[in-house]
Structures are given as C-alpha cells and as structure tokens.
Amino acid sequence: MVRAGEFGQVLMAVETELKLLLPPGAAAGVLRRPVLRSLLESATIPFPINDTEIGTQGPMMQRNKLHTTYFDTPDKWLAKRGMALRVRRVGRKYIQTLKAPAVGAAGTQTYLEVEAEIKRPQPELQAIDDEAIRRRLSRADIWNRLQPAFETRFQRAHFMLEREGSAIEVAVDHGDILAEGRRSPIAEIELELKGGSARALFDLAEQLALQLAEDYPVRLGNETKAARGFALAEGLQPVPHKAAAIDLAKDITTEDAFICIVRNCLDQLRANEAAVLKTEDDEAIHQFRVALRRLRAIASTFRDLIDDEAHAMLSIDLRWLQRQFGPARDLDVLIGDTLLPIQNRMLGQAGFEHLIETASIARAEARRTAHLAIENPRYVAMLIQLYRHLYVGGWRRASARARLSAPLMDFAGVLLQSRHKRLIRLGERHEKLPEPELHRLRILAKKMRYAAEAFHSLYRAKHAKRYISALAAIQDRLGSLNDAFVSRQLLNALVHRLVLEHGMAPADANLLQGLVLGWQAARIDRDVSEFRDVWRDFATQRRFWNGD
C-alpha cells in the first residue's frame, strides 16, 4: 500500500497493523498452537530469499533476531509529534525507518513509513528520501541532537497469508524492550495489512484472538513498541485518561461525525486499560466507565441511523462490560464519599471499622472482576467487531443513507432541541417529583450532556460551554440520589457478610446500615433543597444550537 506523504508528494509506504498481546511466557511457543499451525500451512505467499536467516519451515516462514535502537532528542521532539526514528540490524544490514502517524482504519495502528538501508548503526539524514521531511527535521536541528532512547531485542517468526483477496503478514515477536536499566517484555502477534481490504485484517484478528483465548488471555494491543519504549525510558506508569475534546468540522456529514465520536470514546476506553490493570487508582475505573457510558449514549443518540443487528451487538456487549465494572466503581464511591466521612464524624462507633473492612474486601474482589473483563475474549471480540463496523460501514442502516450523508448540523440541531424539550418538561416540575423521577431527570441531563459535548464544536464555544456546565451541575446535585439508590443494594450484601463472616449480631449490623442510610437521606434532603437554584440557572441558559 502507498499513499502521498503529508510532508510532500513523494510516495511512502503505509503500515497498517493490529496487535494481539500475549502473556510474556506464551509467545515463544504460540506457533505450536493449532490455529497458528493451520495458518502457516495455508501460507501461499513465499518470502524472497535473501541473507536473512530462514527458519526451519522453509521459505514460507522466516525467523529473525532483531536488534533495534530508537533515537530521539533530549526534549523528545519526535515522540511528542507521534513520530519514531529507529535503526534496525537485520542480518548484516542496517535499516533506518522513520514513522509518522497517518489516518487509517479505525482500531488499527497506521503509519506513514520512510525506510532505507544505511551503512552504519547511526541515523543518516540523507537517507530520508523526501526533501520536505529533511527540511523540517533540519529546521528543528533534530539530527545534531539525536541520541539513543531505548532498544528492542526480540525474535520474530513471520509468514504471509492471502485472505479474502488481501495479503496479510503474520509476525510472532518475543523478547524485550530495554531502557535505563529497565526491561519490559515483548510478547505479541502483529498482523500487518500488505495489500487489500482491512476487513480481512479484522476477521483474522478475531479468529486468532478467540481461538488463542482457549489457552491463555489475549488482549488487543493499543501501543506501539516505540510508545512503550519511550514510557519505559521515562519511567512512566499508566495513568487514568479523560476524554479528549471532540473537534468536528462544521461541514462534516452525520456519518463521518458518528465515526469520529465513537473513535473518541474508544480511544478513552483503550487509554484506561493499562491503568485499570496495573494500578489501584479509583479514577482509572471511573474513566473507563465514563467511556462506556459515552459509547452507550452515542449509540442512543444515533439509534435511528444504526443497523438493528449492529445496535443489538453494541448494546448487549456494552451492558455486559458495564456490569463487570459497575460494582468496583460503586464501592469506590460508597467507601470514599460515604463510609469514610461517616467514620471521621462518628469516631468510636462500634463495628464501623468492620463495615469499611468488609467493603474494602468486596471492592478488591470487584476490581478483580474488572481486570478479568479486560482479559476476557468477549471484550477483545467486541473491540474488533466495533472497529470492523466503523471501517467497513456495517453499522449503517440501509434506509438512512440520505440522512447519513447530510450535514451533521441538520441532525444535531433537531436532536439537541428534542432532548432539551424532554428535559425541560420533566425538570420544571422538579419540586413535586418523587425520588425515582428525580433520578430519571438526572439520567436525561447526563444523556443531554454527552450529546452536547459531542456536538458543541459546531457552535459558539462560550454558549455551549455554559450550557454543558449547567448540565453538569444538575448531575452533581442529584448525584446523591444515584449514590443512595446504588448503595442500598451494596449495603444489603455487606451487612449480610458482616453477620456471616464476622459473626456480628444482626441487630448491630442493621444499626450500621441504618446509620449509612440516615446519612445519605440527610445528603439527599440538602441536595434536593438546593436544586431549585441549579435548575433555575440551567433553564435560563441559551440554546446554543439555534443561536438563542
């Protein structure tokens, strides 16, 4: 595959790939698994025979020992721009590669790639066969400031397949990333599209993921070796990520907008995977759940334009995933926002420390459930199916083609106006609404907020920002209702455990539960009594989508 480079008219290769991450000890023997053996036996595209070491499987598969050094400036000029410069030793050759991000199939890692053979293990500016790129690097004085950043040393076994008219390279890598005395294992299968449709790439990835998952956990990769190497060199640990701002062109079509917004949600979801798995940060699970809620809200927003089968798949899988993460987040909120404040105000309350201990144990169990969900083949398959739908357009409702090709401005204005009216009709009666209806009011405000955040870049920033802030205030003020609703179910389970596991007398356990419920009732009374001003502020906001 080739395309014109973003820096000039010279044609450069485009690398489009998917990664399946394996447990560190699994990659060395994965070629012996039936699914890989079957794929290798079906390989029909031979590699050219050169001075690279040829494996025992013959010309259909090559085995290489790859030693690569990545370079950057002390201020990480290349990394900050999503670029990577490496020199790889392959046999007796040195291959220099400069990569820059490119727009490609959703979910794939796609890069413009400028590659050349050089004579030494140090980068050579003149080997970059594009004058515009060389000029840009020279202006930034890159070549005079380059220094080794980290190394990768791994073994690769790779072969070529022809699937559905597409050529795909399958590469199994296992080894290490080395930086500043630190080490991070490489254990992955790379599937790189060499020509044809990306649909075949997604289909092969799903087949491999599901069959390999019968033996060990498999995850869909989200970072390049370069990104992992720079993080290792800097000693960076995974951190929670909030959603990036959505910036849509005013002339964008409804179809393209849907793809951009869903990609944004998926980016937030994937960015929080490592923090969920490797840290105990409450915020990581919270942001993962926020991404899930945003995805569900967008599916609801565009419901009439989405194919029924695709929508059913999305809804069922997202509900499943939300159930896996819900208890962990709910227990975070219960402990942090309710139990610990009560303990601080009621020091010495008999048995309360046992309630917090039991809640903490339940939270650890719930976090383990969340971890297992990320390693569940159902999650990997859900991601691949989502990305495939976005790329091949399988999500589109056939009867909605005209609306999908129409400007987003038309769709967004009608949608925002309709949802605003529903919110106003319910909210203007807030003083007479029972708790369940106030809870529904909060949900409507949340959905309206997600839609407003998705479309706000089409309109005047100042008015949109104020409107969204007013919606957030509704959510926050009515949040105690949601917390109390969820925690009642959690408290029942915790009290049951106190009696069975700690031998606490039922009367004492019920007393603790009553203290918590009373505390929450007081918070609800306070928040509801102050909601009048919050609602009044929202009701007076301009409807930013029509210029009011």
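Asp-332 counts as buried, at 4% relative accessibility; buried means under 20% relative accessible area, exposed means over 50%, and partly exposed lies in between (1.4 Å probe, protein chains only). Its salt-bridge partner is Arg-363, with 3.2 Å from N to O. Here a salt bridge is a side-chain nitrogen of Lys or Arg within 4 Å of a carboxyl oxygen of Asp or Glu. Asp-332 lies in helix 9 (residues 308–345) and Arg-363 in helix 10 (residues 352–374), so the pair ties together parts that are 31 residues apart in sequence. Arg-363 is buried too, with a relative accessible area of 17%.

Before going on, a word about the model. It is predicted, so local features need pLDDT of at least 70 and side-chain atom pairs count only at pLDDT 80 or more, while totals for chains, interfaces and linings use all residues. Residues are numbered from 1 along each chain as its sequence is written, and side-chain values use heavy atoms, with hydrogens and water left out.

**Pairs of opposite charge**

Side chains of opposite charge can pair when their charged atoms come close. By the salt-bridge rule, the count in this model comes to 39. Here are some of them:

| Pair | N to O distance |
|---|---|
| Lys-76 and Glu-234 | 3.2 Å |
| Glu-169 and Lys-194 | 3.4 Å |
| Asp-332 and Arg-363 | 3.2 Å |

Helices (H or I, at least four residues) and strands (E, at least two) are DSSP runs, numbered from the N terminus. Lys-76 is buried, with a relative accessible area of 19%, whereas Glu-234 is partly exposed at 43%.

Next comes the salt bridge of Glu-169 with Lys-194. This pair links distant parts of the chain, with Glu-169 in strand 8 (residues 166–179) and Lys-194 in strand 9 (residues 182–195), 25 residues apart. Glu-169 is buried, with a relative accessible area of 8%, and Lys-194 is partly exposed at 34%.

**Back to helix 9**

Is Asp-317 buried or exposed? At 10% relative accessibility, Asp-317 counts as buried. Leaving aside neighbours within four places in sequence, Asp-317 is in contact (heavy atoms within 4.5 Å) with Arg-378, Met-382 and Gln-385.

**The whole chain**

Now step back and look at the overall fold. The protein chain has 18 helices and 10 strands. Its radius of gyration, taken over C-alpha atoms, is 27 Å, close to the 24 Å that the globule rule (2.2 Å times the number of residues to the power 0.38) gives for 548 residues, so the chain is as compact as a globular protein of that length. Along its principal axes the C-alpha trace spans about 80 × 60 × 50 Å.

How many of the 548 residues count as buried? The share is 52%. Among contacts with a separation of 6 or more, 72% come from residues 24 or more positions apart.
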